[in-house]
Amino acid sequence: MRTLAITQNMTLDGSIEMVTDWFDPTVEAPDLMAESHRQDAEADGLLVGRQTFEDFRSFWPHQTEDATGITDYLNTVDKYVVSSTMTDPDWQNSTVLSGDVVDEVTALKNAEGKDIVVTGSISLCHTLIGAGLVDEYRLFVYPTVQGSGRRLFPAGLEIPTLRLVDTKAFELGVSLLRYRTV
């Protein structure tokens, strides 16, 4: 079975929603980019909600001098967009998942392949977490406090035990915390 990993950038106070400008995906921090590319090499699927997909599609394919390599990765990885309204994703290697989210993602996890990564897509993350489909959390914690914004874990949710599998610190003060479900 494939690993479903939520990879999120978040503030120290737990926000994954960008209410302020604490995160810039085009920053070329070498050690942070190396970790990102390492994770990309282990994944062949990107799962996102419609809004995140549209945000990515309107920005990344149009970057012509992207030194981060994110454009190349996003143009080639298999992208799965969860949407009940989108019919044509209009980006190569993209598939719309319009059925029951839990069933569709379970089928993806049971298919042959590498990791499936979810990023952004707060509502989708809440659904996947609530359904018990997430195998790993990869949290890039930025040294900033935003004071507001939606969180990765919905209010009232309890996950009694997660196992810490890796930590890394990066030059920009960002920390990576990786947890697996038990």
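1. Let's start with Tyr137 and its surroundings. Skipping neighbours within four places in sequence, Tyr137 is in contact with Ile6, Ile129, Leu152, Phe153, Ile159, Leu162, Leu177, Arg178, Tyr179 and Thr181. Contact here means heavy atoms within 4.5 Å. Tyr137 is buried, and its relative accessible area is 2%. The labels work like this: buried is under 20% relative accessible area, exposed is over 50%, and partly exposed is in between, using a 1.4 Å probe and protein chains only.

2. A quick word on what you are looking at. This is a predicted model, where local features need pLDDT of at least 70 and side-chain atom pairs count only at pLDDT 80 or more, while totals for chains, interfaces and linings use all residues. Residues are numbered from 1 along each chain as its sequence is written, and side-chain values use heavy atoms, with hydrogens and water left out.

3. Now look at the ring next to Tyr137. A pair of aromatic rings is described by how far apart the centres are and by the angle of the planes. Tyr137 and Phe153 make a tilted aromatic pair, 5.2 Å centre to centre with 55° between the planes. Tyr137 sits in strand β6 and Phe153 in the loop between β6 and β7, so the pair ties together parts that are 16 residues apart in sequence. For the terms, rings of Phe, Tyr and Trp (its six-membered ring) pair if their centres lie within 6.5 Å; planes under 30 degrees apart are stacked, over 60 edge-to-face, and the rest tilted.

4. There are other rings to find. The structure holds seven aromatic pairs, and ring pairs link Trp22, Phe23 and Tyr142 into a cluster. Over at Trp91, the charged end of Lys79 sits over the ring, 4.6 Å from its centre. That label requires NZ of Lys or CZ of Arg within 6 Å of the ring centre and within 35 degrees of the ring normal.

5. Which strands pair with β6? β6 (residues 136-142) and β8 (residues 175-181) pair in the antiparallel sense over six bridges. Tyr137 stands opposite Tyr179 in β8, and Val141 stands opposite Ser175 in β8. β1 and β6 pair in the parallel sense over seven bridges, with Leu139 in β6 as the bridge partner of Gln8. Two strands pair if DSSP finds at least two bridges between them; helices (H or I, at least four residues) and strands (E, at least two) are DSSP runs, numbered from the N terminus.

6. Zoom out and you get the whole sheet. It is open, with eight strands in the order β4-β3-β2-β5-β1-β6-β8-β7 and mixed pairing. The edge strands, which pair on one side only, are β4 (94-97) and β7 (162-169). From one strand to the next, the twist averages 25°. Helix α2 (residues 50-59) packs on the sheet, touching β2 (43-49), β3 (78-82) and β4, and its direction makes about 115° with that of β2. Such angles run from 0 to 180 degrees between N-to-C directions, with axes fitted to C-alpha atoms, for helices over the stretch in contact.

7. Next, β3. Four of the five residues of β3 are buried, so β3 is largely enclosed by the rest of the structure. β2 and β3 run parallel and are joined by five bridges; Tyr80 in β3 is the bridge partner of Leu47. β3 and β4 also run parallel, joined by four bridges, and Val82 stands opposite Leu97 in β4.

8. Finally, the nonpolar cores. A core is a set of buried Ala, Val, Leu, Ile, Met, Phe, Trp, Tyr and Cys residues joined through side-chain atoms within 4.5 Å. The largest has 23 residues, and those with the most contacts inside it are Leu4, Ile6, Leu47, Val118, Leu128, Tyr137 and Leu152. β1 (4-11), β3, α4 (101-110), β5 (115-118), α5 (122-130) and β6 each supply at least two residues of this core, and α5 gives the most, with five. Apart from this core lies another, of 16 residues, among them Leu46, Val48, Val81 and Met86.
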